[in-house]
Amino acid sequence: MGGPAAGKQNKRVTITDVARHAGVSVAAVSKVMRNAYGVSPAMQEKVRAAIAELDYRPHAAARGMRGRTYTIGVLLDNVRNAFFADILDGIQEELRHGEYTVLIGAAGFDPGEQAKTIRALVDRQMDGLILIAPGTPRAEVLATAAATPTVVIGHHDSADTHDSVVDDDDTGAGLVVDHLVSLGHRDIALVSAPGTRANQWKRTPETVLTGGYRAAMERHGLSGHLCVHHAAYSDDGGFKAGMTLLTAERRPTAIMTGADVAALGIYRAAHELGLRIPDDLSLVGYNNTALAALAPVQLTSVDQAGHTMGSSAARMLIERVEGRRDRAMQTSMTPRLVVRGSTAAPRTE
């Protein structure tokens, strides 16, 4: 049976125990742990010896006093968006050989909830943040980045305070329009996330994608066929957009979306309305997630290298966290169109 001694052995060693063992104050131990200025070599040796003898392992908050918690916070809006899984895989791949742990904040689409989640990550002393297309006001992101190393994925707005990883979205939109026009389509609709001007981001992915779509349609002389429908990048958002577009008086013969997950919702709407893909409707996604290649779907999609975006963001962030670079930079991915079975020539009546 275990007596008082056994209970004492199981008790977690605290910073107070270290201070008592070393014969110094708790404040002195804290100074040594965070390598504060003015600590004598003798004090360093005494405290380090006590930490080793007691096998003291500070919890995350205490580690933060030394200036590093070895945790990276990642903000995303929708855990059901398979593209985010590709980005997270890239982040994990880049960090797997180091000490860093990734913590995910899934905040939903509401800007207020996203801001709350970012503040929670900062309060928990993350060493750095990766924000995936944040809906949070830009001013708040800039203020956060000024204090905590931050990489923003998706938004094309550059800044001196944070790094950015983007896709060349206007080029991606052009690839889709060119492909659909080459098949004979003219009534080509775009389903894009709504975004909001209130958050002060001027060049969000959906803004740049829409600009690329408009420019490509105009280049082909199809200005009179422009149709932009706003919907959330989710299965439900895509389904609602599909039901609206596909029951309109002038139904598009082709729809491109800003995310595969929304395209699958449109696919579901088409099926419910008795329309066949690609016979009655050509459908194109964006992100080229694993879902796009599923046999029943075979979705034509734009590959924007999500895995590489994630690994690049993680690499750039660690450079900032570890002080190897102090100037902001932006990395851009070059998209490519992956053609599958969801696009074909429009049916002639």
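The largest pocket is lined by 34 residues, with D77, A133, A193, E206 and Y233 nearest its centre. The model is a predicted one. The space in this pocket comes to about 640 Å³. By residue class, the lining of the largest pocket holds 18 nonpolar, 12 polar and four charged residues. Three helices, α6 (82–95), α7 (111–123) and α10 (205–219), each contribute at least two lining residues. Helix α10 gives the largest share, three residues.

S192 belongs to strand β6, which spans residues 188–192. Its relative accessibility is 1%, below the 20% limit, so S192 counts as buried. Leaving out residues up to four places away in sequence, S192 touches E206, T210, H229, H230, A231 and Y233. Two of these partners, E206 and Y233, are also listed among the residues nearest the centre of the largest pocket.

V165 is buried, because its relative accessible area of 0% is under 20%. Beyond its neighbours within four places in sequence, V165 is in contact with V151, V152, I153, G154, M309, S312, A313, M316, T331 and M333.

The peptide bond joining I277 to P278 is cis, and its omega is near 10 degrees. P278 sits in the loop between α12 (260–272) and β9 (282–286).

Q125 is not a glycine, yet its phi is positive, at about 60 degrees. This residue is placed in the loop between α7 and β3 (128–132). Helix α7 is also one of the helices that supply at least two residues of the pocket lining. Q125 has 34% relative accessibility, which falls between 20% and 50%, so Q125 counts as partly exposed.

N287, likewise a residue other than glycine, has a positive phi near 120 degrees. The loop between β9 and β10 (300–303) holds N287. With a relative accessible area of 4%, under the 20% limit, N287 is therefore buried.

Terms used:
Residues are numbered from 1 along each chain as its sequence is written. This is a predicted model: local features need pLDDT of at least 70, side-chain atom pairs count only at pLDDT 80 or more; totals for chains, interfaces and linings use all residues. Side-chain values use heavy atoms; hydrogens and water are left out. On a 1 Å grid over the protein atoms alone, a cavity is a set of points where a 1.4 Å probe fits but cannot get out, and a pocket is an open set with protein on both sides within 12 Å along at least five of seven lines; lining residues have an atom within 4 Å of a point. Grid points are joined across faces, edges and corners, and a volume is the space filled by probe spheres set on the points. Helices (H or I, at least four residues) and strands (E, at least two) are DSSP runs, numbered from the N terminus. Ala, Val, Leu, Ile, Met, Phe, Trp, Tyr, Cys and Pro count as nonpolar, Asp, Glu, Lys and Arg as charged, and the others, Gly among them, as polar. Buried means under 20% relative accessible area, exposed over 50%, partly exposed in between (1.4 Å probe, protein chains only). Contact means heavy atoms within 4.5 Å.
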